[in-house]
Amino acid sequence: MGTGHFFWVIFYFASLCSASLANNAKINFREKEKKVLDQILGAGKYDARIRPSGINGTENLPTYVYVNMFLRSISKIDDYKMEYSVQLTFREQWTDERLKFDDIQGRLKYLTLTEANRVWMPDLFFSNEKEGHFHNIIMPNVYIRIFPNGSVLYSIRISLTLACPMNLKLYPLDRQICSLRMASYGWTTNDLVFLWKEGDPVQVVKNLHLPRFTLEKFLTDYCNSKTNTGEYSCLKVDLLFKREFSYYLIQIYIPCCMLVIVSWVSFWLDQGAVPARVSLGVTTLLTMATQTSGINASLPPVSYTKAIDVWTGVCLTFVFGALLEFALVNYASRSDMHKENMKKKRRDLEQASIDAASDLLDTDSNATFAMLRQCEVHMQAPKRPNCCKTWLSKFPTRSKRIDVISRITFPLVFALFNLVYWSTYLFREEEDETF
């Protein structure tokens, strides 16, 4: 056997021996973890029903629990039910002096548990929760880490549907503040205090996407509550959502403007086109009413007036006003025809009277009468020209004048309404932007 071959055989057996020793070391190390767990959590050594002591083992001080979370997604914000759904990774950290252990010269960084009932747990609950569930695919998304100094880290992934009372006075130009509240269910502040973890207690996923809202900012705060049984620790996160206006501009505001403008077409149709003007007015009125009912169907019935109610109400009034304008034109047209017939009859009677009188009067009397009429006309004071009356005199009938005035009045009033509406609600939106 050559020297080189002998060397490789020795190297192979040495590798096998080192691997076997490493595996044995790992097995021994895991055995030590098991022994440490049995030592600190064994029967008769640890009672999960007893609250940990306060700082430095002081019994009369409360246990401090530090909370932080990671917002993974916000799937839905429901205006009708006034709620929102969120998925988050929730973490709590506290110190339990009874769980201290030897870290074997720094080799044992922490112990891992999967059963939360083996250690004491804070009785935290979400006070504005409607529904919630844990995630168990493929394994339960929860872990507990126990550190050598007795510090316990509890982390879990949960999905929640939370109540979010909304003020819809500025809808859809509004901002909404939705809260996530966490409180102690049974322990008072004398026994248990929740605190936000220093640094960055709330993190939000970078690619957070909401269909109709934008998360502008969030704020952490405390919301301790006092009852007749004592004071309870409470934490809250306020999320400020801004509603995306582009969707409502395309789906509501522009179609409503178009319906109002279409209703003005009847002002340019002939007065005799009764079927066309009636069908146009009724169609736009029904379409506008359907649009309004569809908007209100997606919103809760509230006791106050919303910004969208003002818009749809005024647009509906303009469409209804255009229909009433045709009714007025139709009435004025019939009145004009009646007056024209009366004038024609009067002219016929006057002409007959003049013809009868001309037979009785001589030529000189007729000439004298004509001269007196001419002098009377010249003695009348000249009237100042009125631009509006001069312009309206181009339209002999009153019904035509109503149509012409409506062509100018309706667009001007609607433009003035738009100016007042947008300046009022946009200004109020900036004024109410307080957090």
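A cavity is taken here as a set of grid points where a 1.4 Å probe fits but cannot get out. In this predicted model, a search of the whole structure turns up one cavity of 30 Å³ or more, and the volume of the largest cavity is about 30 Å³. Its lining is formed by Ser263, Ser266, Arg277, Leu280, Gly281, Ala322, Leu323 and Phe326. By residue class, this lining comprises four nonpolar, three polar and one charged residue. Helices α3 (274-297) and α4 (307-360) each contribute at least two residues to the lining of the largest cavity.

The loop that lies between α3 and α4 holds Pro300, and this residue leads from the helices to another part of the chain. The C-alpha atom of Pro300 is 7.2 Å from that of Asp79, although 221 residues separate the two along the chain. Once neighbours within four places in sequence are set aside, the contacts of Pro300 are Asp79, Tyr80, Met82 and Leu168. Is Pro300 buried or exposed? With a relative accessibility of 10%, Pro300 counts as buried, because the cut-off for that class is under 20%.

One of these contacts, Met82, belongs to the hairpin of β1 and β2, where four residues lie between the strands and Met82 adopts a positive phi near 55 degrees. Strands β1 (residues 63-78) and β2 run antiparallel and are joined by 11 bridges; within this pairing, Ile74 has Val86 of β2 as its bridge partner. On the pairing with β7 (residues 151-163), β2 is again antiparallel, with 13 bridges between the two strands. Strand β2 itself (residues 83-95) is mostly covered, with 10 of its 13 residues buried.

The largest nonpolar core has 77 residues, and the members that touch the most others are Met69, Tyr84, Phe90, Leu180 and Met182. Helix α4 provides the largest share of this core, namely seven residues.

Notes:
Residues are numbered from 1 along each chain as its sequence is written. This is a predicted model: local features need pLDDT of at least 70, side-chain atom pairs count only at pLDDT 80 or more; totals for chains, interfaces and linings use all residues. Side-chain values use heavy atoms; hydrogens and water are left out. Buried means under 20% relative accessible area, exposed over 50%, partly exposed in between (1.4 Å probe, protein chains only). Two strands pair if DSSP finds at least two bridges between them. On a 1 Å grid over the protein atoms alone, a cavity is a set of points where a 1.4 Å probe fits but cannot get out, and a pocket is an open set with protein on both sides within 12 Å along at least five of seven lines; lining residues have an atom within 4 Å of a point. Grid points are joined across faces, edges and corners, and a volume is the space filled by probe spheres set on the points. Ala, Val, Leu, Ile, Met, Phe, Trp, Tyr, Cys and Pro count as nonpolar, Asp, Glu, Lys and Arg as charged, and the others, Gly among them, as polar. Contact means heavy atoms within 4.5 Å. A nonpolar core is a set of buried Ala, Val, Leu, Ile, Met, Phe, Trp, Tyr and Cys residues joined through side-chain atoms within 4.5 Å.
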